[in-house]
Amino acid sequence: MKVLLCHNHYQQRGGEDQCFDAESHLLQAHGHEVLRFTVHNDAIADMNRWSLTRKTIWNRATYSDLRALIRQRRPDVFHCTNIFPLISPSAYYAARDEGVPVVQSVHNYRLFCCNALLMRDGRVCEDCLAKRVAWPGILHGCYHHGRAASAAVVAMQTVHRAMHTWTRLVDRYVALSHFSRNKLIDGGLPREKIVVKPNFVHPDPGPGQGNGQYAIFVGRLAPEKGIDTLLQAWHLLQQPIPLKIVGAGPLQQQVAEASRRNSSIHWMGQLPVDQVLALIGDAACLVMPSICYEHFPRTIAEAFAKGTPVIASRLGAMTELIDDGRTGLLVKPADAADLASKLTHFFAGSSTFPAMRKAARRQYERNYTADVNLRMLLAIYGQARGDRAEPATTAASPRSPIAKETGASLEPSKPSEECVVSTADRPSIPAYGVSRSTSPILAEETNR
């Protein structure tokens, strides 16, 4: 199968970037031809607010570049991981107009929520979930703490809701958990188009021994990850338990200060993946006190792969991923006292460690291996292709602007190709015979 993967990289590498790479390598390793269309948010630094807003709603260069690439390479399926903000939903229209089915993985709630977390002021917030115009997000400045930036995101959401982009242009949405699927349905996406496929860990790192007698937190040091709860819990512990914190983020100074005040806390900063997995494998437990609706924290799958139990908030997808008392423990969200109590109980019951570690490892082997995930991914592609049964056009097209910019070959001899596109403004090819002075959004609305 020939698959065109599409992704907008974040400035700080995160779980979505890792999933994009993992799925790319998984498909390629099993003989599928992989094309990659990517941009990077570093380009935002050179853009003014109007240009960024315009591209967020509709990127004309994305449309023309992708349509030319698809026409020349004829992929079987177009799979997006993240299109925000520089690729834009125009990518879906490029695939639609060339008759290629669209699959969109959903790693956040950006289609309904400005900050993509369904969270405001340190609590879960669903004020915008089912609204046609997410005005509360603008009122509260939920995106980048500003009303102007939030308005740009809401404009993108509203325009494409009115154009029925979310309901008509995507053939399959991939939710990472059943909890996430239900939220997407609540937000208005068609339930028949949403399938569940979890994250996976490859290569298999093998189980650890868990002999370190410490707890570990791995992730972005941000408010939604429950960093305040984590640090408060360690302050409340009656008996010291060593804690290793791996990661960086906006709260790293707070974490650094806590590590100076409390000798049980050791902040290690960012580390290579192999070192992180080794630390997780030696840990007695992974702690994840998130206060937001997590979709499927990749770190949980990594912990289970190493046979390490997880202590996490009873919230979002974590409730369905962790079998309370068997593969880990669930605690009250944002409750440092409950977390401290559960940690004390957990470390006092060391005789249960072997059974919990075996159960966690079995959970990985049954659900989160590469083989299991590949079967699910190919089945999703097959469903999307079945929905898009009409033949794609095979009309000749000029050499893609992507190849001109990068020097990449568009010959089918390579099993994988990276198409990194520039986000600078440039002339774009008018669609549907519309003049360059006409709004591309209105052109799409009137010519669908």
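**Reading the helix contacts**

Colleague: What share of the chain's residues count as buried?

Modeller: Of the 448 residues of the chain, 57% count as buried. This is a predicted model. The secondary structure comes to 18 helices and 15 strands.

Colleague: Why is α2 called roughly parallel to α6?

Modeller: The axes of helix α2 (residues 49–57) and helix α6 (residues 147–162) cross at roughly 25°. Angles under 35 degrees count as roughly parallel. That makes α2 roughly parallel to α6. The two axes come within 9 Å, and the crossing is right-handed.

Colleague: Which residues make the contact of α2 with α6?

Modeller: From α2 come R49, T53, T56 and I57. From α6 come A148, A152, A155, M156, V159 and H160. By class, that gives 6 nonpolar, 3 polar and 1 charged residues. Arg counts as charged, and R49 is one of the contact residues.

Colleague: Which residues of α9 and α14 meet?

Modeller: In α9 they are T229, L230, Q232, A233, W234 and L236. In α14 they are A336, A337, L339, A340 and L343. This contact divides into 9 nonpolar, 2 polar and no charged residues.

Colleague: Why is helix α12 described as mostly covered?

Modeller: Buried means under 20% relative accessible area. In α12 (residues 298–305), 8 of its 8 residues are buried, so the helix is mostly covered. Among them are R298 and E302, along with I300 and F304. Just after α12, G307 takes a positive phi of about 75°.

Colleague: How confident is the predictor in the chain, by mean pLDDT?

Modeller: The mean pLDDT of the chain is 88, and 86% of its residues reach 70 or more. Over residues 390–415, though, the pLDDT is below 50. Residues 421–448 also stay under 50.

Colleague: How many contacts does the model have for residues 421–448 beyond four places in sequence?

Modeller: There are 55. For residues 390–415, the model has 53 contacts beyond near neighbours in sequence. Where pLDDT is low, the predicted coordinates should not be read in detail.

Key: Residues numbered from 1 in each chain as written. Predicted model: local features only at pLDDT ≥ 70, side-chain atom pairs only at ≥ 80, totals over all residues. Heavy atoms only, no water. Axes fitted to C-alpha atoms, helices over the stretch in contact; angles between N-to-C directions. Helix = DSSP H or I, 4+ residues; strand = E, 2+ residues; numbered from the N terminus. Parallel < 35°, antiparallel > 145°, perpendicular 65-115°, else oblique. Left-handed = near helix turned anticlockwise from the far one by under 90°. Contact = heavy atoms within 4.5 Å. Buried < 20%, exposed > 50% of the residue type's maximum accessible area, 1.4 Å probe, protein only. pLDDT = per-residue confidence, 0-100.
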